[in-house]
Structures are given as C-alpha cells and as structure tokens.
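Please read it with the sequence and the coordinates open.

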Amino acid sequence: MTFDSPRAVRPATLGAPLIIAGALVVLALDIHTAVSDPAHLRRTISEYGLGAQQWVFATGVLLLAVGSACTLVAAVRSGMAKASSTAAVALTLWTVGLVAVVVVPKQDWSNDATLGLGGAIHRLGATLAFVSIPIALVAVSIPWIRDHRWKSWARATLGLAILGLAALLPIAYALVIGMTTSTPWYRVITLGYVERVLVVAEVTALISLALWVRATSSRSSALIS
C-alpha cells in the first residue's frame with residue numbers, strides 16, 4: 001500500500017495537536033473540579049455543559065471534533081481509508097456526535113424545560129461518539145497490520161481501539177441489567193467513573209491514529225525532498 005503526496009495529508013499536521021489540546025482542556029477542567037469537589041467525578045463529563053464552565057467544556061470537545069475531522073480528511077486523501085469505508089463513516093459519526101454533545105446540552109433534571117427532544121439528541125450524539133470511534137480505529141488499522149512500514153502504528157492503534165471497546169462493556173452490562181430487571185441502568189454502575197475510563201481509552205486511541213497519519217505526512221515529505 002502507498003500514500004499520496006504530502007499535500008494530501010497536510011490536515012494531519014493540525015489533527016494531532018488539536019485532538020491533544022482538546023483532551024488537555026477537558027482533563028484540566030476535570031482535575032480542577034475534582035480538587036474542589038471529588039464527588040463530581042461520579043457525574044458524567046457532559047454535565048459541565050450545564051454550568052458556568054460550559055465554555056471550557058465546549059472548547060475542549062470542539063477542538064477534539066475539529067482535530068478528528070482534520071485526521072479524517074488526511075486519512076482519506078492519503079489513501080489510508082476510502083471515503084465510503086467503515087472507518088471513514090464511523091469517524092464521521094464520532095465527529096458529528098461530539099458536535100451534537102456540545103450544541104445540545106444534556107438534560108438538566110432540575111429544569112423541566114430541558115427535558116424531551118434536546119436530551120434525546122444529546123444522548124444520541126454521545127452514543128454515536130462512544131460507539132463509533134473504536135469501530136473506526138479497528139477498521140482503519142486492520143488493512144495495515146501486515147504492512148512493513150506501518151504495521152507498528154497499525155497494531156498500536158488497533159490495540160488501543162480494543163481497549164476502547166472493552167471500556168464499553170460495563171455500560172453494555174448496565175443496559176442489559178436495566179432491560180431485564182427493575183433497576184435503572186444508570187444505577188447499576190457509577191457512570192461518571194466508567195465514562196472517564198472510556199473517554200481516556202478512546203481519545204488515547206484517537207491520538208495514536210492522528211500521530212500515525214502525521215507520520216505518513218513526514219515520511220512523504222522526506223521522500224519528496
């Protein structure tokens with residue numbers, strides 16, 4: 001397999017830094033909040049979208065979304081994934097899901113005005129994001145597993161993607177319990193803790209992909225010069 005000219009992968013030079021910056025913004029927000037109120041970590045990350053720190057949360061998530069879009073464009077243009085492939089479609093859904101999480105805040109259960117369609121859209125966006133990104137990473141990695149130049153990147157990204165899939169299992173278990181017993185699924189697990197493990201696993205895998213795409217750009221530039 002080959003990649004096109006470095007012009008085709010220039011978006012990757014933005015993708016990785018933007019994703020890392022977005023992750024650091026959200027991480028800093030979480031650490032700052034946890035220092036003053038450790039119990040807040042039991043709540044979902046998207047709850048930041050309801051308070052005074054909404055703009056910080058939105059900035060971090062949108063940086064992730066834009067960085068992901070840059071990485072997607074670079075991966076498609078370079079030939080790492082076709083535009084109609086499972087990897088490209090799933091990475092698009094991840095990006096759209098992130099934007100939806102910011103644009104439509106989660107339900108504020110203390111305010112009836114936030115209940116209904118908005119909450120449903122937020123949940124759908126979060127579900128799309130969490131489920132789509134490990135699928136995208138697995139799909140983009142597998143074709144390159146045996147490539148002599150990129151097998152190390154492919155295997156690292158695939159391994160991290162599998163960890164992301166594993167991090168989804170507690171939520172899947174909770175949903176099954178919720179559907180088969182009288183216990184609400186969100187009471188089966190401490191959702192805030194589980195969600196943070198999931199986000200760390202998935203974003204780490206995404207960073208691996210972005211750095212991989214960036215590496216193809218550097219290699220192509222070196223060959224041309």
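Which residues does Ala-201 touch, not counting residues up to four places away in sequence? The first point below takes up this question.

1. Ala-201 touches Leu-160, Leu-163, Gly-164 and Ala-167, with residues up to four places away in sequence not counted; contact here means heavy atoms within 4.5 Å. Ala-201 is found in helix 6 and counts as buried, at 15% relative accessibility. The classes are buried for under 20% relative accessible area, exposed for over 50%, and partly exposed in between (1.4 Å probe, protein chains only). From C-alpha to C-alpha, Ala-201 and Ile-162 are 9.1 Å apart in space, although 39 residues apart in sequence.

2. On the basis of the note: this is a predicted model, in which local features need pLDDT of at least 70 and side-chain atom pairs count only at pLDDT 80 or more, while totals for chains, interfaces and linings use all residues. Residues are numbered from 1 along each chain as its sequence is written, and side-chain values use heavy atoms, with hydrogens and water left out.

3. The chain has six helices and zero strands, and its elements run α-α-α-α-α-α from the N terminus on. Helices (H or I, at least four residues) and strands (E, at least two) are DSSP runs, numbered from the N terminus. Of the 225 residues in the chain, 45% are buried. Among contacts between residues at least 6 apart in sequence, 75% join residues at least 24 apart. The accessible surface of the chain comes to about 11500 Å², and 68% of that belongs to carbon and sulfur atoms; the areas come from the Shrake-Rupley method with a 1.4 Å probe, and for residues only the protein chains shown count as cover.

4. A second residue of helix 6 (residues 191–224) is Arg-196. Leaving aside neighbours within four places in sequence, Arg-196 is in contact with Asp-30, His-40, Leu-41, Arg-43, Thr-44, Ile-45 and Tyr-48.

5. Thr-95 lies in helix 3 and is buried, with a relative accessible area of 12%. Beyond residues up to four places away in sequence, Thr-95 touches Ala-65, Ser-68 and Ala-69.

6. A cavity is a set of points, on a 1 Å grid over the protein atoms alone, where a 1.4 Å probe fits but cannot get out; lining residues have an atom within 4 Å of a point. Helix 2 (54–78), helix 3 (86–103) and helix 4 (117–141) each give two or more residues to the lining, and the largest share, three residues, comes from helix 3. The lining residues are Leu-72, Ala-75, Ala-81, Ala-87, Ala-88, Leu-91, Ala-136, Val-140 and Leu-209.

7. A search of the whole structure finds one aromatic pair. The ring centres of Trp-185 and Tyr-186 are 6.2 Å apart and the planes lie at 85 degrees, so the pair is edge-to-face. Rings of Phe, Tyr and Trp (its six-membered ring) pair if their centres lie within 6.5 Å; planes under 30 degrees apart count as stacked, over 60 as edge-to-face and the rest as tilted. Trp-185 is partly exposed at 30% relative accessible area, and Tyr-186 is partly exposed at 47%.

Key
1 Å grid on protein atoms, 1.4 Å probe; cavity = no way out; pocket = protein on both sides within 12 Å on 5 of 7 lines; lining within 4 Å.
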